[in-house]
Amino acid sequence: MRSRSNSGVRLDGYARLVQRTILCHQNPVTGLLSAGADHKDAWVRDNVYSILAVWGLGMAYRKNADRDEDKAKAYELEQNVVKLMRGLLQCMMRQVDKVEKFKRTQSTKDCLHAKYNSATCATVVGDDQWGASTSGCNFPLPALLGTDDCIRATYYLHP
């Protein structure tokens, strides 16, 4: 039996850390990461930033895979990332009417929500319940829309 390389042992330590701090909050059905044990809401920004650590660890396992279990661990981490991205896409696809409306109006009231229920992918609050400064808009999706006008919409959100 071969012994583990130093990098393999370090990766296993990182994997335990990622499991304890990030993946333990991942919903098994939707893949979304809740904000904590007592908060069941999932913020888009937090989910994307958090899952990047998981993706990076999966890439490191894939690069240093000298055993079948390392390849399996890389695959498992990558599937956690895919599950989360599909969950975020599911949340956003439920608001496709808002995206289409935003293309026409460029109104901050037609932007996508930034916070979802991690178990159901439903929006947590109504469009008019975000407060006076945001007017119900937190996520204008400039990459999806492909227009420079999204920058103006973002400016209205965060002057």
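Q: Is lysine 98 buried or exposed?
A: This is a predicted model. Lysine 98 has a relative accessible area of 10%. The cut-off for burial is under 20%. Therefore lysine 98 counts as buried.

Q: Which residues does lysine 98 touch, not counting those up to four places away in sequence?
A: Lysine 98 sits in helix α4, which covers residues 96-105. Setting aside residues up to four places away in sequence, its contacts are Lys109, Asp110, Cys111, Leu112, His113 and Asp127.

Q: What pattern do the helices and strands follow along the sequence?
A: The chain contains 6 helices and 2 strands. Read in sequence order, they give α-β-α-α-α-β-α-α.

Q: Which residues are in contact with leucine 77, leaving aside neighbours within four places in sequence?
A: Beyond its neighbours within four places, leucine 77 contacts Leu23, Val54, Leu57, Gly58 and Tyr61.

Q: How is tryptophan 55 classed, and what is its relative accessible area?
A: Tryptophan 55 is placed in helix α2. Together with Tyr49, Leu52 and Met59, Trp55 forms a nonpolar surface patch of about 440 Å² accessible area. Tryptophan 55 itself is partly exposed, at 44%.

Q: How many residues apart in sequence are the parts tied together by aspartate 41 and lysine 115?
A: The two residues form a salt bridge, with the closest N and O atoms 3.4 Å apart. Aspartate 41 is in strand β1 and lysine 115 is in strand β2 (residues 115-117), so the pair ties together parts separated in sequence by 74 residues.

Q: Is glutamate 78 buried or exposed?
A: Glutamate 78 forms a salt bridge with arginine 62, the closest N and O atoms being 2.9 Å apart. The pair links helix α2, which holds arginine 62, to helix α3, which holds glutamate 78. Arginine 62 is partly exposed at 41% relative accessibility. Glutamate 78, at 16%, counts as buried.

Q: Which residue forms a salt bridge with arginine 45?
A: Arginine 45 is exposed, at 52% relative accessibility. The closest N and O atoms of the pair are 3.2 Å apart, and the partner is aspartate 46.

Q: What distance separates the C-alpha atoms of cysteine 24 and alanine 37?
A: Cysteine 24 lies in the loop between α1 and β1. Cysteine 24 is partly exposed, with a relative accessible area of 46%. Along the chain, alanine 37 is 13 residues from cysteine 24; the C-alpha separation is 9.3 Å.

Q: Where does pLDDT stay under 50, with 29 contacts beyond four places in sequence?
A: The chain's mean pLDDT is 82, and 79% of its residues reach 70 or more. Residues 132-137 fall below 50, with 15 contacts beyond near neighbours in sequence. Low values call for caution, because predicted coordinates should not be read in detail there. The stretch with 29 contacts is residues 140-159.

Conventions. Residues numbered from 1 in each chain as written. Predicted model: local features only at pLDDT ≥ 70, side-chain atom pairs only at ≥ 80, totals over all residues. Heavy atoms only, no water. Contact = heavy atoms within 4.5 Å. Helix = DSSP H or I, 4+ residues; strand = E, 2+ residues; numbered from the N terminus. Patch = residues over 30% accessible without salt bridge, like charges linked within 9 Å, V, L, I, M, F, W, Y side chains within 5 Å. Areas by Shrake-Rupley, 256 points an atom, 1.4 Å probe, with all protein chains shown as cover. Salt bridge = Lys/Arg side-chain N within 4 Å of Asp/Glu carboxyl O. Buried < 20%, exposed > 50% of the residue type's maximum accessible area, 1.4 Å probe, protein only. pLDDT = per-residue confidence, 0-100.
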